[in-house]
Amino acid sequence: MPLTEDELQSAINSADPHHGVGTTFLHIHNPLNGDNGKNNNVNDTSNHTGGVVPAISMATTFRQSTPGEASAKDDPNSFGLGFEYSRTGNPTRGVFERAVAAAEKANVAFSSGSAATSAVIHLLSPKDKVFCIDDVYGGTQRYFRKIVNPRMGIDIDFLDFNDEVLMKNKLQDDECKPKLFWLETPTNPTLKVTDIRKVAVMAKTNNALLAVDNTFCSPYFQNPLDHGADIVVHSVTKYINGHSDVVMGVVCTNDEEIYKSLRFTQNGVGAVPSPFDCYLAHRGLKTLHVRMEAAARNANVIALFLENHPGVIKVLYPGLKSHPQHDIAKAQQHGFGAMITFYCVGGKPQSAIVLEKLRVFALAESLGAVESLAECPSLMTHASVPDEQRALLGIDDTLIRLSVGIESCSDLIKDLDLALNAAIASLEN
């Protein structure tokens with residue numbers, strides 16, 4: 001008997017938990033500086049052979065038909081500018097940038113997430129002020145504290161954006177007006193979640209920009225521009241690429257003037273990714289929706305397991321109802337991601353035992369890859385954060401950060417169980 005229309009639609013919906021996002025990641029043009037509806041499929045542009053995978057263009061310079069006239073201005077991967085020198089524009093990089101634009105609007109690619117962050121700071125001037133979320137990636141706070149502030153003359157205030165009284169008092173001070181709000185949500189490593197719309201209102205009320213580092217969620221689980229942000233930053237190294245073999249970053253915006261400024265900085269500073277890295281990152285983007293769903297499913301079960309393990313004091317995961325900002329995460333994210341932070345029993349010796357006993361999880365920095373990673377932020381990614389700031393944020397030596405991958409969930413849980421039991425045994429002995 002044939003299916004009814006409702007039954008058929010239900011079957012289609014169950015077969016597509018990604019709600020069409022997979023198609024978007026694979027086939028799209030740049031909506032801000034695109035091709036006016038022509039050649040919308042990134043796999044078909046600048047490809048006269050018909051190959052379904054975009055070619056890698058390693059050329060550093062491009063032939064001109066007449067002096068001063070760039071070639072291939074009609075190629076959408078040149079954004080109407082043509083190609084003359086690969087730092088200014090490269091066909092493979094253009095393919096990747098247009099593909100990411102499908103997820104986070106127009107974007108500009110850089111050689112690392114840190115280079116992307118510095119490009120945003122280049123929008124500012126000496127004596128400007130930045131309000132930065134207090135719990136932030138260790139490399140970002142180090143860059144802000146040791147380079148941006150002392151060498152560029154830009155003031156940085158690290159603040160808890162969720163403290164409404166604190167933020168109100170800060171913004172009432174006319175000598176304390178920021179030009180930029182820098183937000184991570186969820187934060188690294190304590191996974192604090194902040195209402196993006198509330199911060200966007202604060203920024204716009206004070207004629208400031210809001211930049212959101214969206215690395216932990218990826219474009220699949222959160223889209224800050226839809227919540228009022230002006231700029232979104234990603235470390236492509238993490239989820240977008242997803243295979244621990246590329247270092248890259250992107251800055252995304254839906255504002256034409258910001259986009260032009262970022263393009264100018266990209267060319268002027270020259271921190272551009274290689275064509276081969278762009279090829280790899282584009283390939284990773286094509287499976288982002290599949291990887292994120294698989295990793296998040298694992299993370300949800302692992303968080304529940306950890307919350308009930310005697311070797312764990314506390315678990316921080318936005319998907320748990322015990323998370324203090326669970327409702328905010330549920331409202332503004334499309335899923336809860338695959339990052340988990342927890343405090344193990346004992347002290348530094350016990351956290352070391354946990355990390356050293358793991359066999360499926362790799363003891364390593366970074367995150368967002370298909371393989372699961374574990375680390376101790378106080379000794380690794382956030383070692384550069386001042387001791388008093390780490391203590392204030394709760395980043396102590398028992399804090400362990402997990403980047404959950406797509407291995408078998410039962411193997412990951414068994415791995416954690418054995419390691420945590422070893423930590424418990426060390427206390428008993």
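This is a predicted model: local features need pLDDT of at least 70, side-chain atom pairs count only at pLDDT 80 or more; totals for chains, interfaces and linings use all residues.
**Cysteines**

Next, select cysteine 217, whose closest cysteine sulfur belongs to cysteine 252. That distance is 14 Å, again too far for a bond, given that a disulfide requires sulfur atoms within 2.5 Å. Cysteine 217 is buried, at 2% relative accessibility. Over the whole structure, the search for disulfides returns zero.

**The loop between E4 and H7**

Now select the stretch that runs from strand E4 (180–184) to helix H7 (196–205). Move along to proline 189, in the loop between E4 and H7. Asparagine 188 and proline 189 are joined by a cis peptide bond, with omega about 15°. For context, most peptide bonds are trans, and most residues other than glycine have a negative phi.

Select leucine 191, which is found in the loop between E4 and H7. Its phi is positive, near 60°, and the residue is not a glycine. Is leucine 191 buried or exposed? Leucine 191 is buried, with 2% relative accessible area.

For another positive phi, jump to alanine 72, where the angle is about 60° in a residue that is not a glycine. Alanine 72 sits in the loop between helix H2 (21–26) and helix H3 (91–104). Alanine 72 is partly exposed, at a relative accessible area of 32%.

**Salt bridges across the sequence**

The count of salt bridges comes to 11.

Return to the E4–H7 loop and select lysine 192 with aspartate 134. They form a salt bridge in which the closest N and O atoms are 2.7 Å apart. Aspartate 134 is in the loop between E2 and helix H5 (138–152), while lysine 192 is in the loop between E4 and H7, so the bridge ties together parts 58 residues apart in sequence. Aspartate 134 is buried at 13% relative accessibility, and lysine 192 is buried with a relative accessible area of 13%.

Next, select aspartate 128 and lysine 179. What is the separation of the closest N and O atoms in this salt bridge? The value is 3.4 Å. The partners come from distant parts of the chain, 51 residues apart: aspartate 128 from the loop between helix H4 (113–121) and strand E2 (129–133), lysine 179 from the loop between helix H6 (164–172) and E4. Aspartate 128 is buried, at 13% relative accessibility. Lysine 179 is partly exposed, with a relative accessible area of 41%.

Then select aspartate 230 and lysine 204, whose side chains meet in a salt bridge at 3.6 Å, N to O. This pair links distant parts of the chain, 26 residues apart: aspartate 230 lies in the loop between helix H8 (218–221) and strand E6 (231–235), and lysine 204 lies in helix H7. Aspartate 230 is buried at 15% relative accessibility, whereas lysine 204 is partly exposed at 46%.

To finish with the charged groups, select Lys129, Asp157 and Lys170, which are linked in a network of salt bridges.

**An open sheet**

Select strands E8, E9, E12, E11 and E10. In that order, they form an open five-stranded sheet with mixed pairing. Strand E8 (312–316) and strand E10 (362–363) are the edges, each pairing on one side only. Zoom in on strand E11 (residues 373–375) and strand E12 (residues 399–403): they run antiparallel and are joined by three bridges. Select alanine 374 to find leucine 402 of E12 standing opposite.

Where is leucine 8 placed? Leucine 8 is in helix H1 (residues 5–15), and at 45% relative accessibility this residue is partly exposed.

Note on methods:
Residues are numbered from 1 along each chain as its sequence is written. Side-chain values use heavy atoms; hydrogens and water are left out. Buried means under 20% relative accessible area, exposed over 50%, partly exposed in between (1.4 Å probe, protein chains only). Helices (H or I, at least four residues) and strands (E, at least two) are DSSP runs, numbered from the N terminus. Two strands pair if DSSP finds at least two bridges between them. A salt bridge is a side-chain nitrogen of Lys or Arg within 4 Å of a carboxyl oxygen of Asp or Glu.
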